[in-house]
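Q: I would like a close look at one part of this structure, taken slowly and with its surroundings.

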Amino acid sequence: MPGNLPIQKVSFRGEADCFLTEGGGSKSLPQWVNEELIIENSTRVYGQLLEFTDLFDDDNRTLPLLTEVSLSDKATAKSYRSSIRQLFDIDNKRNTIGVKSVGKLIVKVDSKNDLSKIARRFNDYGIASKNKKLGMAAIQSIEKYQAVVEDGINNGDSLKIQLIDYQNSEYNDLSTIQLKTLCREFGLDVEELYYASNLRLFSIDDISLDALERIVSMDSVLSVKKMPTIEFEIAPEPENTNIGIMNPVDGEQYPIVGLLDSGVRDIYHLRPWINGEDNTADLLDEDISRSHGTAVAGVINYGDLLENQNMTGCGPCKIHSCIVNSNRISIKERQLIMFIQRAILAHPDIKIWNLSQGSNITIKDSQYSEFGMALDSLQSNNRILICKSAGNDSSCTPLRITEGADSLLSLVVGSVAHKKTTNLDAEVGERSPFSRIGPGVENIVKPDVVHYGGNRDTHLSLFSEWGRQYCLYSGTSFSTPRIASLAANLQQKIGGECNPLLIKALIVHYSNYPANISKSIEEIRKEMGFGLPCVINDMLSNDANECTLVFTHTLKKGRDIVSLDFPFPSSLVENGKYIGEVTVTMAVNPILNASQGNEYCQSQVDVLLQTYDHVEHVPLGWNTMIRNEYRTSADAINVLNANLYSKSAFQNTYANERMLIEHGDKYQPIKKYYVDLSKMTNSNKEKALTSNRKWALKLNGLYRDYAEQSLYMDGEVLSQEVVVVITIKDPLERGTAYSECLRLLEERGYAHNDINIHNNIEIDVR
């Protein structure tokens with residue numbers, strides 16, 4: 001049971017915890033690089049470059065030649081990228097401008113003269129520098145870029161065209177003019193779309209195959225896809241509603257949720273809570289069907305009452321309804337995104353939004369969807385949180401999440417079963433058979449969390465447009481509003497300016513897997529993300545046996561965090577070794593760049609919780625890599641490292657007893673770790689957990705090569721907003737962990753305060 005001791009918001013101690021990022025890397029060539037490989041690759045690429053010469057003899061060429069550079073499987077890491085760039089980036093030009101997929105770079109060549117200079121570098125492999133030789137070993141081939149064209153495009157289809165971002169306004173403008181000129185030639189209307197920065201998208205309706213052939217051959221075209229149509233994700237004998245009507249109390253402040261849906265019907269139960277409704281899509285009255293939006297709004301405010309279960313423990317919210325879709329007419333993706341943008345920009349005061357809409361197009365392994373990037377752009381630019389449904393599959397096979405649900409900044413929500421009444425139903429707490437699964441693009445954890453959204457045969461109790469209850473709908477459309485309600489109520493309790501990253505971190509931190517699930521951690525992660533959040537009253541407070549610390553920080557490039565005396569309670573010792581259960585959740589707002597393909601996420605943060613023997617003093621200047629005078633001793637050990645623990649710790653039958661540790665995937669915006677120190681192997685306990693050891697918390701920023709080039713060439717400031725939530729729990733329940741953590745915070749100079757909790761929100765039930 002939760003206690004009434006507030007969790008603590010803690011600040012790092014300025015210069016005391018801020019460390020300069022130190023140099024690293026080896027000065028020698030990797031073992032896989034040899035002279036034979038350098039000669040072989042250089043000769044091949046030199047010949048391929050010479051084949052491009054005739055392409056510059058066309059007097060009509062006004063744009064650079066786009067090429068696709070294929071890298072060795074051993075050379076896809078960031079550490080090799082600068083060596084590759086040195087071969088193509090000539091005369092201070094940024095020619096390496098994009099990423100197609102893993103190991104595939106997009107390089108532009110402006111002119112025949114530039115082509116000659118690049119080719120000469122490969123021909124001069126014998127006198128090349130070490131870095132250039134590394135690049136030559138990394139590059140296997142180069143060919144003219146061919147636009148990626150979706151299969152099955154027919155006459156009359158609507159298309160979505162992506163053009164390359166040349167990082168050059170003159171080239172970008174010229175390529176736009178060329179596309180529009182070609183479309184006029186074929187009598188086609190072309191519309192420029194504004195989904196996200198650096199994402200150059202255009203929409204064309206009623207395409208002809210002749211026009212398609214010409215468009216595909218243009219120098220600047222990256223991809224051509226059919227414009228997706230957005231669909232509702234749910235497939236009702238009415239019952240009389242016997243739930244009391246909640247009414248707001250005059251003068252009371254309530255959370256607010258923006259509802260991006262089909263509209264909300266004016267029914268008794270919801271009427272007092274609708275803050276307003278905008279026909280954002282400018283639909284005719286006869287085209288509006290409010291059934292879906294009414295059901296979603298009912299879950300936001302009456303979800304627990306409709307199921308007669310304490311699922312979220314949340315109070316009601318004010319709801320601002322924005323009509324962005326209808327099941328009576330077809331809405332294309334470009335229209336939905338425009339309507340969502342219009343709704344959010346019109347209501348800057350609303351910070352939590354529910355989006356139970358999506359496409360039926362399954363995501364790809366290494367290609368982020370334009371829909372998902374558009375949602376990220378909205379959240380980043382407006383400091384909001386979108387709770388987005390993961391998507392449904394009517395065939396009830398485990399398909400991956402749909403486009404839009406790959407949004408990195410959204411809280412993406414899957415569904416678990418609330419009841420079981422037939423043999424085809426999933427067990428209570430298991431993934432609903434229709435709920436789509438992860439992982440997301442580049443193995444990102446998606447969905448982030450799950451909530452109750454119904455079962456295959458046993459559906460949810462929802463409000464109809466006539467104010468009655470019915471039980472014929474299930475879907476992630478209805479698990480998502482439970483998370484939106486949690487997010488809005490959390491913000492209301494915390495108060496102050498909304499921090500979407502903090503809300504997201506807390507929801508993930510207080511999520512767990514249902515206890516009856518007997519699957520591998522890999523399977524559960526794909527199906528449920530970080531799990532099912534607890535009810536709101538179990539968040540934001542501790543009992544005497546645990547303490548939760550919340551750090552919020554902006555991590556600038558070159559300035560990492562090393563907190564050398566992290567306040568781990570010294571009382572958590574048994575038989576001379578530290579004990580305790582530690583949960584660490586880190587959420588990051590990474591640098592995103594829509595022009596960089598599968599490297600869309602351009603930054604990440606590593607979090608380490610280390611023990612070490614002593615603080616070392618290193619004289620500055622004796623080593624050019626050393627930039628900080630004080631550091632942990634060389635025996636520092638990260639207790640969040642899975643390799644320190646016995647394998648049996650990860651093989652328990654039920655999910656709530658498992659160890660939960662991220663397996664080192666880079667560029668994950670959310671990472672979560674749970675460790676029980678008692679399950680560390682005995683040999684590692686001797687190294688890491690003896691009672692005389694000190695504790696340190698470290699945050700290390702990492703940036704992709706393209707982001708770093710933006711810093712060096714454009715002066716762009718690189719930083720990442722980070723929230724770290726750490727709970728330390730005494731398994732022996734001796735009642736001192738909370739008070740000792742607070743005492744150590746005071747003694748060691750950490751500024752901290754209780755996270756404000758605003759309770760006593762009143763309602764009138766009739």
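Is R61 buried or exposed, and what can be said about the parts around it?

A: This is a predicted model, and what follows is computed from it. R61 has a relative accessibility of 18%; the limit for a buried residue is under 20%, so R61 counts as buried. The side chain of R61 meets that of D219 in a salt bridge, with 3.4 Å from N to O. This pair joins distant parts of the chain, 158 residues apart: R61 is in the loop between α1 and β4, while D219 is in the loop between α6 (209–216) and β12 (221–226).

The loop between α6 and β12 also holds S220. S220 is buried, its relative accessible area being 0%. Leaving aside residues up to four places away in sequence, S220 touches L63, L66, Q162, L163, I164, Y166 and S175. From the C-alpha atom of S220 to that of S79 the separation is 29 Å, the two being 141 residues apart along the chain.

The side chain of D57 pairs with that of K112 at 2.6 Å, N to O. Because D57 lies in the loop between α1 (35–50) and β4 (65–71) and K112 in helix α3 (residues 112–123), this pair ties together parts that are 55 residues apart in sequence. D57, at 43% relative accessibility, is partly exposed, and K112, at 38%, is also partly exposed.

Other salt bridges can be set beside these. The search of the whole structure finds 37. K93, K108, D110 and D114 form a linked network of them. R13 is bridged to D565, with 2.6 Å between the closest N and O atoms. R13 has 18% relative accessibility and counts as buried, whereas D565, at 28%, is partly exposed.

Helix α2 (residues 81–88) is largely enclosed by the rest of the structure, because six of its eight residues are buried. The buried residues are R81, S83, I84, R85, L87 and F88.

The largest nonpolar core has 58 residues, and Y302, F478, I483, L490, L506, I507 and L540 have the most contacts inside it. Elements giving two or more residues to this core include α7 (291–307), α10 (476–494), α11 (500–509) and β39 (719–729). With eight residues, α10 gives the most. L506 touches I7, L490, I494, L540 and V725, residues up to four places away in sequence not being counted. Another core, of 44 residues, lies apart from the 58-residue one; among its residues are I401, V441, I444 and A594.

Helix α8 (residues 333–346) packs against helix α9 (residues 370–382) at an angle of about 10 degrees, with 11 Å between their axes. At that angle α8 is roughly parallel to α9. On the α8 side the contact is made by E333, L336, I337, I340, Q341, I344 and L345, and on the α9 side by F371, A374, L378 and N382. Of these residues, eight are nonpolar, two polar and one charged.

Methods. Residues are numbered from 1 along each chain as its sequence is written. This is a predicted model: local features need pLDDT of at least 70, side-chain atom pairs count only at pLDDT 80 or more; totals for chains, interfaces and linings use all residues. Side-chain values use heavy atoms; hydrogens and water are left out. A salt bridge is a side-chain nitrogen of Lys or Arg within 4 Å of a carboxyl oxygen of Asp or Glu. Buried means under 20% relative accessible area, exposed over 50%, partly exposed in between (1.4 Å probe, protein chains only). Helices (H or I, at least four residues) and strands (E, at least two) are DSSP runs, numbered from the N terminus. Axes are lines fitted to C-alpha atoms, for helices over the stretch in contact, and angles run from 0 to 180 degrees between N-to-C directions. Angles under 35 degrees count as roughly parallel, over 145 as roughly antiparallel, 65 to 115 as roughly perpendicular and the rest as oblique. Contact means heavy atoms within 4.5 Å. Ala, Val, Leu, Ile, Met, Phe, Trp, Tyr, Cys and Pro count as nonpolar, Asp, Glu, Lys and Arg as charged, and the others, Gly among them, as polar. A nonpolar core is a set of buried Ala, Val, Leu, Ile, Met, Phe, Trp, Tyr and Cys residues joined through side-chain atoms within 4.5 Å.
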